[in-house]
Amino acid sequence: MVDTTPLTRAVEHFADRLRAAPQSRLQRGAAAEALALARRLARWAQSLEAPELQPREMPDAGMFAAADQVTVAGHDLALVLTGEAEVEEAVRLVEEAQKRAGV
């Protein structure tokens, strides 16, 4: 079993920063960046869990739900990753999204 702690920490940190961000920051793109990340992580998890099925797209639940969507998608992915390289790639994706979001 692979240690996914670095991923869950990165996801929680990004989500906490989103929750603390002012509405204006969320509107200027932070929420959209978070949703894009959540969708990417969710597709990745779905492709590992059921590669024979077409991944479902995570819906846009609004800017105030973006942090929760990142959290859910990140934790779902952490449950199905099988290697350290995958964990490192996922952490990189989260960190890059957080930088682009500016939070």
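Buried here means under 20% relative accessible area, exposed means over 50%, and partly exposed is what falls in between, with a 1.4 Å probe and protein chains only. The structure is a predicted model, in which local features need pLDDT of at least 70 and side-chain atom pairs count only at pLDDT 80 or more, while totals for chains, interfaces and linings use all residues. Residues are numbered from 1 along each chain as its sequence is written, and side-chain values use heavy atoms, with hydrogens and water left out.

A handy place to start is Thr-71, which sits in helix H3 (residues 66-80); helices are DSSP runs of H or I with at least four residues, numbered from the N terminus. Its relative accessible area is 14%, so Thr-71 is buried. Contact means heavy atoms within 4.5 Å. Setting aside neighbours within four places in sequence, Thr-71 is in contact with Val-11, Glu-12, Ala-15 and Arg-19.

Two packed helices are described by the angle between their axes and the distance between the axes. The axes of H1 (residues 5-20) and H3 come within 8 Å and cross at roughly 175°; axes are lines fitted to C-alpha atoms, for helices over the stretch in contact, and angles run from 0 to 180 degrees between N-to-C directions. On the H1 side the contact is made by Leu-7, Thr-8, Val-11, Glu-12, Phe-14, Ala-15, Leu-18 and Arg-19. H3 brings in Ala-66, Ala-67, Asp-68, Val-70, Thr-71, Gly-74, His-75, Leu-77 and Ala-78. Sorted by class, this contact has 10 nonpolar, four polar and three charged residues, where Ala, Val, Leu, Ile, Met, Phe, Trp, Tyr, Cys and Pro count as nonpolar, Asp, Glu, Lys and Arg as charged, and the others, Gly among them, as polar.

As for H3 itself, its buried residues are Ala-66, Ala-67, Gln-69, Val-70, Thr-71, Ala-73, Gly-74, Leu-77, Ala-78 and Val-80. The cover over them includes H1, helix H2 (23-49) and helix H4 (84-101).

H1 buries Leu-7, Thr-8, Ala-10, Val-11, Phe-14, Ala-15 and Leu-18. These cover an arc of only 160° around the axis, which puts them on the same side of H1; the arc is that of the directions from the helix axis to the C-beta atoms. The buried residues of H1 pack against H2, H3 and H4, whereas the face turned away from that buried side carries the exposed residues Arg-9 and Ala-20.

H4 can be described in a similar way. Its buried residues are Val-87, Ala-90, Val-91, Leu-93, Val-94, Ala-97, Gln-98 and Ala-101. Their arc is only 155° around the axis, which puts them on the same side of H4. They pack against H1, H2 and H3, and the face of H4 turned away from the buried side carries the exposed Glu-84, Ala-85, Glu-88, Lys-99 and Arg-100. Just after H4, Gly-102 takes a positive phi of about 75°.

Finally, H2 contributes Ala-30, which counts as buried at 1% relative accessibility. Leaving out neighbours within four places in sequence, Ala-30 is in contact with Leu-18, Arg-25, Ala-101 and Val-103. Ala-30 and Phe-14 are 16 residues apart in sequence and 10 Å apart in space, C-alpha to C-alpha.

Note on methods
Helix = DSSP H or I, 4+ residues; strand = E, 2+ residues; numbered from the N terminus.
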